[in-house]
Amino acid sequence: MYTLMLVDDHKIILDGIQMMIQGMDVAFDRFICASNGQEALELLERERPDAVITDIRMPAMDGLSFCKTVRGMKNDIPIILLTGYDDFEYARQGIEIQAVCYLLKPVEKDELFAALKTVELMLDEQAGRTLEACSENASVIIRAVNGEKLLKTFHQQMALYHFLPRGEAVSKELARQVKELFGQSLLSIYVRASEILCLAQWDEERRFPPELSDRVEINVSSMFEGLDYLGDALRQLYIVHIKRSGRRESQALSFEEVSHPGESLKTPSNGELEEINNAIAFFDRDRLDKALNRLDDKLASQKNAEEIAAAWYSSVCMSVYKHFYEHISKPNMSEEFNYLLYGELLLAKERSRENMARFMRERLHVFLAKLCENNKESVVEKAKALLKENPGRSQQELADALHISSQYFSRLFRRETGESFSGYSIRLRIETAKKCLTTSGLTVEQIGKKVGYDSEKHFYTVFRKMTGMSPAQYRRLHSKQ
């Protein structure tokens, strides 16, 4: 078993990740936690963990600086980067420091599980277990799932096969049996004490003999072409492993079988989730409660309501998190966002469906109240006030000033006003220009620049289109009145 260091400046995230990992079938049973890179360096020297999961944005010393310092110490410890910001520059630096992978918050369980399994394979190799390339067809390094690019690409359909012996270690005899099963279609095999991974040409008619499938759990990835999909295929294998419960043990399962819509848990529809997000976006608690009541009633009508309640309500929390974390930058709302991010773990503690519903509703009410506190005026009304002060402000400038994304601002503006931002902005600019033409001695060029048109010709064209006359004609006509 291995020791894992977790580094993040939010305790709820540290606790949440640790709880998530403790519920997984992985070889990490001891955890060391640090709140920033500086503290992590001190613990690294003293505790000597086997692997690290670190956030990037932290006080004192950020995650990237921590990783660069670790690599400067000639330490090749496996590192998983974790961040809420989908920034290419972070990914590029992650490659430079040879990170195992780069995971975005909110972390999906299966992605974290696959990443930890990849690290586990790497640690096993460092401990002396090696890759076995057993076919003349190709020499493929399966541990390339950690992100390394392979020189050789296959132009054929392949699949990953995962063999997990039940109650026994992998023997030479079992490895030989698996090799013979694939024959010349086997591209590569990875053998270790607890499992066998095989990369082989796809064959939809392949059947596994009872003497093998009765002793070994067999998981099969989706069919794929090209080694760029190898990482996805490995994640699929572990998803299949997780979802095997309730199936005949001797059955070989494929990813297509467990990911079939008929097999998945029932969750609220996209339209229902969007209604909740819209209610929060418009700071409308009554509308939010009505939407939540409809969800409660819909869940209650399901035969397995108690069984799926945690997944049902956590999908609501996750939908709100993703929607608002992407569009609204609120540094003083980190605690509220974290409660949504780890909603499923917190909901699971509530046990009954009624308690879960009450807990989720309370968290959403707190989130809405905090959002209202930060937005005492309507976002659109604030935007209009800023435009009145300076009609030349662009949509992006207003969105930045309001701490929301330009795309979200555009949608919100149209919903509240019934017109596009560009249409409103042009109308306001021309109205302001008309007032300046009749009440000031500014030139047409100066007025154009004042309302946001750097080009006098562009201003002239837009003004004439909106009023039916040139700025000079408008000034002459209305100055006489």
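Select His-162 and look across to strand β8: Leu-197 stands opposite His-162 there. The model is predicted, so local features need pLDDT of at least 70 and side-chain atom pairs count only at pLDDT 80 or more, while totals for chains, interfaces and linings use all residues. Residues are numbered from 1 along each chain as its sequence is written, and side-chain values use heavy atoms, with hydrogens and water left out.

Now select β6, residues 157-165. Strands here are DSSP runs of E with at least two residues, and helices are runs of H or I with at least four residues, numbered from the N terminus. β6 pairs with β8 (residues 196-201) in the antiparallel sense over 6 bridges; two strands pair if DSSP finds at least two bridges between them. Leu-164 has Glu-217 of β9 as its bridge partner. Of the 9 residues of β6, 8 are buried, so the strand is largely enclosed by the rest of the structure. Buried means under 20% relative accessible area, exposed over 50% and partly exposed in between, with a 1.4 Å probe and protein chains only.

Next, show the open sheet of 5 strands, ordered β2-β1-β3-β4-β5 with parallel pairing. β2 (28-34) and β5 (101-104) are at its edges with a single partner strand each, so one side of each has no neighbour in the sheet. Within the sheet, β1 (residues 2-7) and β3 (residues 51-55) are joined by 4 bridges, and Val-7 has Thr-54 in β3 as its bridge partner. Helix α2 (residues 37-47) lies across β1 and β2, at about 135° to β2. Angles run from 0 to 180 degrees between N-to-C directions, and axes are lines fitted to C-alpha atoms, for helices over the stretch in contact.

Move to Ile-280. Which residues have the most contacts inside the largest nonpolar core? They are Ile-276, Ile-280, Leu-288, Phe-324, Leu-364 and Phe-409, in a core of 42 residues. Such a core is a set of buried Ala, Val, Leu, Ile, Met, Phe, Trp, Tyr and Cys residues joined through side-chain atoms within 4.5 Å. α12 (305-327) is among the elements that give two or more residues to this core, and α12 gives the most, with 10 residues.

Finish with helices α21 (residues 456-467) and α22 (residues 471-479), which pack at about 55° with axes 9 Å apart. Residues in their contact (heavy atoms within 4.5 Å) include Phe-459 of α21 and Tyr-474 of α22.
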